[in-house]
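Got a minute to go through some pockets and charged pairs? Here is the structure to look at.

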Amino acid sequence: MKNNRFFVYINWDGFSYYYYKLANSLSYSGTTYINKLLNEGILFTNAYTGIPSITYPMQSAIVSGAYSDVTNNVYKYFDRHLNKVILCRRLNKAQTIGEVLAGNDICFASIQQFALENRGAEYDDLRHLYIQPGGDYKNRFKWARQIFVNSGISGIEMDEQPKVLFIYMDDLDSIGHNKFYARGRIKRFTEKGRLKNIMGRLKQMDNELGKFVEFLKYIGIYDNTNILLTSDHGMVPFKGKSYVHRIIEILKNQGFHKIECLNIGETSSPDWEVIMISVNLQLQIYFRDQLGDEKMRSIKAMIEQDDIVEECLTKDELKKRGTAAFFADMLVSPIPPYHFSINKNRYWTLHANHDSLNSQAQHVFSLIKGPDFKKGVVYDKRVYNISFIPTLCTAMELPLPVQSNARIIYDIIV
């Protein structure tokens, strides 16, 4: 690692790019301190996450520089050998950036970035520390300041000032789901109201980010610090009845009869032909028999003709996006606010989730600022969030996570 360099990775769960655009529209007062960082760094206007765009698999992917074709975390899937739906939890078969840092004995701390818990960062390791303070963004920024100055005020005194800090905050995700009550915000019954809740919290988080930047300046390391702010996914609103029955009808017309919808832990019948799994929005489809390319194209075409379907991807198309081969034979994503939930027939009030191919879920906010990167750049080429950690490692002369297969964004490095 380069001498006198520091690195801060901040992940704001659920920070969709369209939130950033809305916050800086005429309707709201803007993200003042994010924009100040962007004046000194790089805004990625075309940054996307992976599939499925769900927290655990995507957080694991970012810290490993690879999607589920390497990590094997797809959130949940139908296991053909067990005939059962399996939950992946925090599975990650790839090396993490935390393990890279620990292996090179670089002092770092992870503040609730759970993808590094016991994956390089440990509760009782004062050189490679994991802490989980809970609370909201304010509490986690407070811990970040205390850990960075290594004051011991928090009751924890590391062996030395950490060179790298990971901070995870879930306010935008918690509020974005529009539950009855989350992070001090009550449920809203319109999309305008849901977005107002999010914009209010985003403004507060932006202000706290500004205080953190001033803190880095005060302790004299700001000019030597590379900062990455990105996200695992965005958020898509949905409401009303499930339309999974439409996909079932299409498949029946294609000659399938034994079609089963399963939840986590449930097993299929011995004579199943098609299995369907949903988190809330998109639908994972598994065929018992291997279908030829012509048959798959025919099914895909029929599904995409439905007026509530936005996109349907086959296994080959999913593979090109870095998705594990066992994830699904076909993935169907609806146009918002429709959904393919198999848990409820109808959602009577407005909800939101992120398992979707829609750009509101896939297109994420991302910025990089620091001495190893170009300044004042708007980067409009398509990038994926698994590229950021490997690119930072390259710029800072750190080894990459060993299984990383992401593209290095060389043209932003100075």
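**Salt bridges and pockets**

Arg 140, Asp 170, Asp 171, Arg 183 and Arg 201 are joined in a network of salt bridges. This is a predicted model, where local features need pLDDT of at least 70 and side-chain atom pairs count only at pLDDT 80 or more, while totals for chains, interfaces and linings use all residues. Residues are numbered from 1 along each chain as its sequence is written, and side-chain values use heavy atoms, with hydrogens and water left out.

Q: Why is the contact between Arg 119 and Glu 99 called a salt bridge?
A: The term asks for a side-chain nitrogen of Lys or Arg within 4 Å of a carboxyl oxygen of Asp or Glu. Arg 119 and Glu 99 have their closest N and O atoms 2.8 Å apart, and they form a salt bridge. By this rule the count comes to 21 salt bridges.

Q: What makes the Arg 119 and Glu 99 pair a tie between parts of the chain?
A: Arg 119 sits in the loop between β6 (108-111) and β7 (128-131), and Glu 99 in helix α5 (residues 97-103), so the pair ties together parts that are 20 residues apart in sequence. Helices (H or I, at least four residues) and strands (E, at least two) are DSSP runs, numbered from the N terminus.

Q: How do you know whether Asp 307 is buried or exposed?
A: Buried means under 20% relative accessible area, exposed over 50%, and partly exposed in between (1.4 Å probe, protein chains only). Asp 307 has 59% relative accessibility, so Asp 307 counts as exposed. Its salt-bridge partner is Arg 246, with the closest N and O atoms 2.8 Å apart. At 27%, Arg 246 counts as partly exposed.

Q: Which class do Glu 317 and Lys 300 fall into?
A: Glu 317 has 27% relative accessibility, so Glu 317 is partly exposed. Lys 300 comes in at 16%, so Lys 300 is buried. The two side chains meet in a salt bridge (3.2 Å, N to O).

Q: What makes a space a pocket?
A: On a 1 Å grid over the protein atoms alone, a pocket is an open set of points with protein on both sides within 12 Å along at least five of seven lines, whereas a cavity is a set where a 1.4 Å probe fits but cannot get out; lining residues have an atom within 4 Å of a point. The largest pocket holds about 550 Å³, a volume being the space filled by probe spheres set on points joined across faces, edges and corners. Its lining has 24 residues, with Thr 55, Asp 173, His 177, Lys 179 and His 354 nearest the centre.

Q: How does the lining of the second largest pocket divide by class?
A: Ala, Val, Leu, Ile, Met, Phe, Trp, Tyr, Cys and Pro count as nonpolar, Asp, Glu, Lys and Arg as charged, and the others, Gly among them, as polar. That gives 3 nonpolar, 2 polar and 10 charged residues. α10 gives the most to this lining, with 4 residues.
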